[in-house]
Amino acid sequence: MSVFRIKSTAPILLAVLLLASACSPGKGPPQTRVGFDKDVVQTVREKMGQIQAPVTLQFYRGGPGEKNAEETAALLDLIKNSSSQIEIKEHNLFRDSQLMGPLGIKHGPVIIPRGPNPIDISYYGYPARRELEPFLDGVLIASGQIPRLSASTETFLKELDQDLLIRVFVTPD
């Protein structure tokens, strides 16, 4: 299960991208530290090659019930190695349990991209298969790049006058 917590109107497009991606065919099973499928590596390199401003990925791991932290850490290493603009800051929720309350985190893995675009996106879980590209789009959004949206989506966002909490639950392929 993966959940995005979004507090501002601009990143709603990330939820739209995730929903659209969830309806498309998957890219195979998740990989581990041993290696990633060549399509995954290519996708990460292409997307991260577009980043023009620094982004820090706050990576929270630990806590009761954590799953896939090793796979998530390996993916973050791949992302970092694909762009000089990416920095990873890892936090241990067992050691730094005071971080859980203010951020609403119960267990890891959680990734929070921080960049010049002041958005509030929290990604819960391992962004594999259909979730990878929308996650990478979220990193691009944090860097200040905004993907093109349909005219109807742009109109909806312009007329939005309050913060939204959007939770997108994606089941495994």
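**Core and confidence in a predicted model**

Me: Over residues 22-34, where does pLDDT stay, and how many contacts beyond four places in sequence does the model have there?
Reply: pLDDT stays under 50 across residues 22-34. The model has 24 contacts beyond four places in sequence for that stretch. Keep in mind that this is a predicted model.

Me: What does the chain average for pLDDT?
Reply: The average is 78. Of the residues, 76% score at least 70.

Me: Which elements have the lowest and the highest mean pLDDT?
Reply: Strand E1, residues 4-6, has the lowest, at 52. H2 has the highest, at 94.

Me: Quick overview. How many helices and strands?
Reply: The chain has 6 helices and 5 strands. Starting at the N terminus, their order is β-α-α-β-α-β-α-β-β-α-α.

Me: How much of the chain is buried?
Reply: 47% of the 173 residues count as buried. The accessible surface is about 9,100 Å², and carbon and sulfur atoms hold 52% of that.

Me: And what share of the contacts with a separation of 6 or more comes from residues 24 or more positions apart?
Reply: Such pairs make up 81% of those contacts.

Me: Back to H2. Which of its residues are buried?
Reply: H2 spans residues 38-48. Val-40, Val-41, Thr-43, Val-44, Lys-47 and Met-48 are buried there. Down the helix axis these buried residues fall within an arc of 165 degrees, so they line one face of H2.

Me: What sits on the face turned away from the buried side?
Reply: Lys-38 and Arg-45, both exposed.

Me: What do the buried residues of H2 pack against?
Reply: Three elements: helix H3 (69-82), strand E3 (86-92) and H5.

Me: Which residue caps the N-terminal end of H2?
Reply: Asp-37 does. One of its side-chain oxygens lies 2.7 Å from the backbone nitrogen of Asp-39.

Me: How many residues are in the largest nonpolar core?
Reply: It has 29. Val-44 and Ile-79 have the most contacts inside it. H2, strand E2 (55-61), H3, strand E5 (121-124) and H5 each give two or more residues to this core. H5 gives the most, with 7 residues.

Me: What is Ile-79 in contact with, leaving aside neighbours within four places in sequence?
Reply: Val-44, Met-48, Leu-57, Ile-86, Phe-135 and Leu-136. There is also a second, separate core of 6 residues, with Tyr-60, Leu-93, Val-110 and Tyr-124 among them.

Me: New topic: His-91. Where is its place?
Reply: His-91 is in strand E3.

Me: Why does His-91 count as buried?
Reply: Its relative accessibility is 19%. The cut-off for buried is under 20%, so His-91 qualifies.

Me: What does the His-91 side chain make a polar contact with?
Reply: The side chain of Gln-58, at 2.4 Å.

Technical notes. Residues are numbered from 1 along each chain as its sequence is written. This is a predicted model: local features need pLDDT of at least 70, side-chain atom pairs count only at pLDDT 80 or more; totals for chains, interfaces and linings use all residues. Side-chain values use heavy atoms; hydrogens and water are left out. Buried means under 20% relative accessible area, exposed over 50%, partly exposed in between (1.4 Å probe, protein chains only). Helices (H or I, at least four residues) and strands (E, at least two) are DSSP runs, numbered from the N terminus. The arc is that of the directions from the helix axis to the C-beta atoms. Contact means heavy atoms within 4.5 Å. A polar contact is a pair of N or O atoms within 3.5 Å; within protein, one must be able to donate a hydrogen and the other to accept it, and residues adjacent in sequence count only if both atoms are side-chain atoms. pLDDT is the predictor's confidence in each residue, from 0 to 100. Accessible areas come from the Shrake-Rupley method with a 1.4 Å probe; for residues, only the protein chains shown count as cover. A nonpolar core is a set of buried Ala, Val, Leu, Ile, Met, Phe, Trp, Tyr and Cys residues joined through side-chain atoms within 4.5 Å.
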